[in-house]
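Student: I am new to this model and would like a close look at a single part of it, namely the sheet and its surroundings. Please take me through it slowly, in one connected answer.

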Amino acid sequence: MFLFYVDESGTPEIPGVSGHFVLAAIGIPVDKWTRCDKQINQLKTSYSLSDAEIHVGWMVRHYKEQEDIENFEKMTPAERREAVTTIREKIIQKRKSEGKDCKQYKKNYAQTKDYVHLTHYERMRFLQELSCLVGTWEFARIFAEVIDKEEYYPPKPALDPEIQSFEQIVIRIEKYLEVISNRNGRGKRRGLIIHDNNPSVAQQHTKKMSSYHKKGTFLTGIHHIIETPLFVDSTLTGMVQIADLCAYALKRYAENKEDALLKPLLPRIDRIGSELAGVRHYTSRKYCKCFFCHPSSLPKQIFRNKRKRQ
């Protein structure tokens, strides 16, 4: 039995506020879950993040309040948190007294309050260590659809990036389970998809998965993935937070060629020979020079987990 945790980065709307939309999944055998969860929690605890949700997009930002505090780096974590909280409360009170809207400020502060005891450098170091940790999980596999929205011309105009990505992820997971079932000779290997609980997509993905079970996808029937997706609260599920890390790393590389977080994850992407079977970059390959469009540019050592084509 495999568990496949799914999360997204960017917005699926076209044009939207992001250039790319990424839906990513990381799959682990169910008997490895305890080990993975323990390792994640140990790393989070070492940075005083044991009760925090790891949301990469918010962690990588610069917090102006920290930059305005003299000798912030020399403070204890408790002192840092108190100093940032005090400044933020003053900002909110000042805006209220001036009759200005505070909604966006409150949202930003709520999303980042769990990280304010860490400097930007410490937050980036934590994420790098987390990425390297996932890279050591030889039993894990990453799957993703990376869509360049400027190049998105689906055969069915009504097929938006969200549904296109989900179907592609389902196909790749199904094919992977089919291959390892045949290879191991231990009977059919099953998989369950576990998705971050996004109310806007839960109903869509549940209906689509139900349809795939009845009619199949455009490329394959579904014989190894059980049930419809299980939707969970990402604040309580560490492995969904790892899917968020994967999606963010892929998006930043696709848009800006930033590969610091992606490189440790590359060995975990499913591949057949030298072909990256787990990730597709939906874009104009004529102009794109990324790893996914040109896998021959990847370092040779990352191919040690390749599998043979059926």
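Tutor: Helices (H or I, at least four residues) and strands (E, at least two) are here DSSP runs, numbered from the N terminus. The model is predicted, so local features need pLDDT of at least 70 and side-chain atom pairs count only at pLDDT 80 or more, while totals for chains, interfaces and linings use all residues. Residues are numbered from 1 along each chain as its sequence is written, and side-chain values use heavy atoms, leaving out hydrogens and water.

The sheet is open and has six strands in the order β5-β4-β1-β2-β3-β6, with mixed pairing, where two strands pair if DSSP finds at least two bridges between them. Its edge strands are β5 and β6, each of which pairs on one side only, and from one strand to the next the twist averages 20°; such angles run from 0 to 180 degrees between N-to-C directions, and axes are lines fitted to C-alpha atoms, for helices over the stretch in contact. Strand β4 (residues 191-196) runs parallel to β5 and is joined to it by three bridges, and D196 stands opposite V232 in β5.

Helix α9 packs on this sheet, touching β1, β2, β3 (141-148), β4, β5 and β6, and its direction makes about 140° with that of β2; contact means heavy atoms within 4.5 Å.

The axis of α9 also comes within 10 Å of that of helix α1 (residues 33-46), and the two cross at roughly 75°, which makes α1 roughly perpendicular to α9, a term for angles of 65 to 115 degrees. This contact is made by W33, C36, I40 and K44 of α1 together with G238, M239, Q241 and I242 of α9. These residues divide into five nonpolar, two polar and one charged, where Ala, Val, Leu, Ile, Met, Phe, Trp, Tyr, Cys and Pro count as nonpolar, Asp, Glu, Lys and Arg as charged, and the others, Gly among them, as polar.

The loops deserve a look as well. Between β1 (2-9) and β2 (20-29) lies the loop that holds P15, and a cis peptide bond, with omega of about 5°, joins I14 and P15. K257, in the loop between α9 (238-256) and β6 (279-282), has a positive phi of about 60° although it is not a glycine. At 40% relative accessibility, K257 counts as partly exposed, the class between buried (under 20% relative accessible area) and exposed (over 50%), with a 1.4 Å probe and protein chains only. E227, in the loop between α8 (199-215) and β5 (230-232), likewise has a positive phi of about 60° without being a glycine, and E227 is exposed, with a relative accessible area of 54%.

Key: Angles under 35 degrees count as roughly parallel, over 145 as roughly antiparallel, 65 to 115 as roughly perpendicular and the rest as oblique.
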